[in-house]
Amino acid sequence: MSHHNLFFTKTHEWILPEEGKVGISNYAQGRLGDIVYIELTAKGKDVKKGDVIAVIESVKTTSDIYAPCDGKVIDLNPEVSSNPALINQDPEGNGWIIKMEIINFSPEGLMKKEEYEEYIKTISE
């Protein structure tokens with residue numbers, strides 16, 4: 001999976017528009033620590049940008065994961081359900097969380113990898 005096509009949100013989700021995959025950033029999994037459980041939204045659900053699509057529980061905290069754009073949830077990653085630690089191991093690859101059918105993708109409000117790297121510097125200082 002090529003990382004240069006990923007778009008990131010200020011709430012640390014990423015989306016790969018051409019595949020519709022959504023996950024959380026490496027920064028986010030690092031902040032969460034060891035992920036022990038993930039609760040996923042329903043397959044076939046229509047979501048709006050900002051809707052909660054998953055809840056991740058780690059040893060430290062519980063965190064909501066938000067839809068980066070409007071669309072329909074068409075697939076859930078079975079690997080992360082049975083092995084949530086996969087999100088820690090490969091957050092921006094095989095640890096994707098849901099796949100969506102995107103309605104009118106717009107990069108507005110989203111950041112490319114480089115911009116996101118700059119953004120996390122500003123919030124983690």
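Predicted model: local features only at pLDDT ≥ 70, side-chain atom pairs only at ≥ 80, totals over all residues.

Trainee: Good. Which residues have the most contacts inside the largest nonpolar core?
Mentor: Those are Ile 24, Ile 38, Ile 56, Ile 87, Ile 97 and Ile 98, in a core of 24 residues.

Trainee: And which elements give two or more residues to this core?
Mentor: The strands are β3 (21-24), β4 (35-40), β6 (52-58) and β9, and the helices are α1 and α3.

Trainee: Let me click on Ile 38. What is it in contact with, leaving aside neighbours within four places in sequence?
Mentor: Ile 38 contacts Ala 54, Val 55 and Ile 56, then Val 80, Ser 81 and Pro 84, and also Ile 87 and Ile 97.

Trainee: How many residues are in the second, separate core?
Mentor: That one has 10 residues, including Leu 6, Phe 8, Tyr 27 and Met 111.

Trainee: Switching topic: where does Glu 92 lie?
Mentor: Glu 92 is in the loop between α3 (86-89) and β9 (98-102).

Trainee: Is Glu 92 buried or exposed?
Mentor: Glu 92 has a relative accessible area of 7%, and because buried means under 20%, Glu 92 counts as buried.

Trainee: So what does the side chain of Glu 92 reach at 2.8 Å?
Mentor: The backbone nitrogen of Asn 26. There is also a polar contact of 2.7 Å between the side chains of Glu 92 and Lys 113.

Trainee: Nice. Now the largest pocket: how much space lies in it?
Mentor: About 190 Å³. It is lined by 14 residues, and the closest to its centre are Thr 11, His 12, Ala 28, Arg 31 and Ser 63.

Trainee: Which elements give two or more residues to that lining?
Mentor: Helix α1 (26-32) and strand β7 (62-66).

Trainee: How do the lining residues divide between nonpolar, polar and charged?
Mentor: The lining of the largest pocket has 7 nonpolar, 4 polar and 3 charged residues.

Trainee: Last one, Ile 120. Which helix does Ile 120 lie in?
Mentor: Helix α4, residues 113-124. Ile 120 is buried, with a relative accessible area of 11%.

Trainee: Which residues does Ile 120 touch, not counting those up to four places away in sequence?
Mentor: Ile 120 touches His 12 and Tyr 27. His 12 and Ile 120 are 108 residues apart in sequence, yet their C-alpha atoms are 9.1 Å apart in space. You've met both partners already: His 12 is among the residues closest to the centre of the largest pocket, and Tyr 27 is in the second core.

Note on methods:
Residues numbered from 1 in each chain as written. Heavy atoms only, no water. 1 Å grid on protein atoms, 1.4 Å probe; cavity = no way out; pocket = protein on both sides within 12 Å on 5 of 7 lines; lining within 4 Å. Points joined across faces, edges and corners; volume = space filled by probe spheres on them. Helix = DSSP H or I, 4+ residues; strand = E, 2+ residues; numbered from the N terminus. Nonpolar A, V, L, I, M, F, W, Y, C, P; charged D, E, K, R; others polar. Buried < 20%, exposed > 50% of the residue type's maximum accessible area, 1.4 Å probe, protein only. Polar contact = N/O pair within 3.5 Å; in protein donor to acceptor, adjacent residues only side chain to side chain. Core = buried A, V, L, I, M, F, W, Y, C linked by side-chain atoms within 4.5 Å. Contact = heavy atoms within 4.5 Å.
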